[in-house]
Amino acid sequence: MDPNKQIKKKKLGVKLPVYFLSLILVATVAAGVTFIFTKGNQLSFANRGTGSDESESTQVITDLNKVPGSKNIQAVYEIILSNYIEDISEEDLIEGALSGMVNAIDDPYSQYLNIEETETMDETISASFEGIGAEIMSMNDQIVIVSPIKGAPAEAAGLLPNDIVLKADGVSLAGMTATEAVALIRGERGTTVTLEIQRGSQTLTVDIVRDTIPIETVAYELSEENSEIGIVSVFSFARPTYDEIVSAVEDLRGQGAKKFVFDYRQNPGGLLDQSLKIGNMFVEDGAVLLQTEEKNGNPYIIKASDKEYGEFQVTEPSVMLIDEGSASASEIIAGIMKEEANVPLVGMTTFGKGTVQSIYPLTEDSELKLTVAKWLTPAGNWIHGEGISPDYEVEMPDYAFLTIIDSSATYELGAVSEAVKNVEHMLSAVGYSLVADGYYDYDTSEAIYQFQSDNALAQTGEMDEETSVKLVSELRAAISENDTQLNKALELLESMSD
């Protein structure tokens, strides 16, 4: 790509994972978020915190005193207060009991939020945030990366979907909720957090400098290979995303675009109403956009409607890009494209998050985030844990998964390790010929020396911090230049008639 060519884009609010409901490693937001409130067998959509009408949720009222063992709750509470060796407040015990009750259902998307966690969820949507910028979730007592935010420090450091974060600054994250992990990982701009990452069989340590993160939602450009193809990259589903896509398509049409690639890779989701409005662009009135299924209920079908979701239409030949980091609202779009819009999907199988959460305010200081329904594709498929498979499965080059350099490893003559092999693979990927055997020999040192010379760095033959940063940058450029998934999409479009 021409480095002087600017992708047109706007920096808008933070991504809002309403359906995915994991946490951003900055500060997640909820004001103005579209949540689902149940009433009978129907779903109504209300904007919490924006003055919209909120339907009351259907509830099963149970007398706790009639539940076997419930008296033990009071007994344990009193015994701890009276006999525990350290001081502990009544409030902390109640908080722990509430959290434990929600944890007992073993659902990574349900959570009791206290005042501090609620404040984190209630940050304004239009703000920028300070942190590393990555979407995470708690799964099987582990903190898992869903997707790094586009342009954020986490992406620059090479974090990838499905990376497991073992430790933050030496503190184990095992068994923590996503909110607890966020509290350890996020922080002020300019400070550094050291993460221990597990990727497959490798365990790596990476230092990430936190930054202010203005979150982008959409970027677009004309293809350099074919000026009649517009490429629209959608990074999240925030309040302005629909309007941004409309503007992008209209601008690209004005520049001569007659076909489109819609890139939803590494997009972890966001606002429900945005996904419905965006999906509505590609289908006619009456087409099924989404189904939801509550506990002991029949599926509720949501249909396309220009009156409700907007009249803008994309009728040109299109292709959608997806990958393992496409989750939640991205998967809603993928389902619409595949089953209703006849738009081919290119890439890899999506993340697989098919449940719906609702927010239940408890007090001014707390609320409950609870999984209340499944969401199904237009054809009624539940993709939870499985994801949506592409029509054309295309893998990225192997070196696309080598974007972390282990900052704790030793890089000197005679060293033997997986970290050394990782660096050798990177050097090979950017054009330096050597055998990636994990042995830091003279060939490895010479390749590093030559890389440093070619990039005007201090020529030591050793992997210092400056060399590491530049090597990762060059690797990312190589990945971009050999984007096999985008190339396949362009190939498909060139064979489609207008």
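**Note on burial, cores and contacts in the model**

1. Ser-305 counts as buried because its relative accessibility is 17% (buried means under 20% relative accessible area, exposed over 50% and partly exposed in between, with a 1.4 Å probe and protein chains only). The model is predicted, so that local features need pLDDT of at least 70 and side-chain atom pairs count only at pLDDT 80 or more, whereas totals for chains, interfaces and linings use all residues. Residues are numbered from 1 along each chain as its sequence is written, and side-chain values use heavy atoms, with hydrogens and water left out.

2. Ser-305 belongs to the loop between strand 18 (300–303) and helix 8 (306–309) (helices, H or I of at least four residues, and strands, E of at least two, are DSSP runs numbered from the N terminus). Apart from neighbours within four places in sequence, Ser-305 contacts Asn-280, Asp-285 and Gly-310 (contact means heavy atoms within 4.5 Å).

3. Pro-161 is buried, at a relative accessible area of 16%. Its C-alpha is separated by 7.4 Å from that of Pro-148, 13 residues apart along the chain. Residues up to four places away in sequence aside, Pro-161 touches Ile-145, Val-146, Pro-148, Gln-266, Glu-324 and Gly-325.

4. Helix 6 (residues 241–254) has 14 residues and spans 20 Å from first to last C-alpha, close to the expected 20 Å (1.5 Å times one less than its number of residues). Its buried residues are Thr-241, Tyr-242, Glu-244, Ile-245, Val-246, Ala-248, Val-249 and Leu-252. After helix 6 comes Gly-256, with a positive phi near 110 degrees.

5. The largest nonpolar core holds 51 residues, and those with the most contacts inside it include Val-232, Ile-245, Phe-262 and Met-320 (a core is a set of buried Ala, Val, Leu, Ile, Met, Phe, Trp, Tyr and Cys residues joined through side-chain atoms within 4.5 Å). Helix 9 (residues 329–341) supplies the largest share of this core, seven residues. A second, separate core has 25 residues, among them Leu-427, Leu-434, Ala-447 and Ile-448.

6. Phe-262 touches residues including Val-232, Ile-245, Val-249, Phe-282 and Met-320, not counting residues up to four places away in sequence. Of these, Ile-245 and Val-249 are buried in helix 6.

7. Leu-81 is located in helix 1 (residues 71–83). Leu-81 counts as partly exposed, at 32% relative accessibility.
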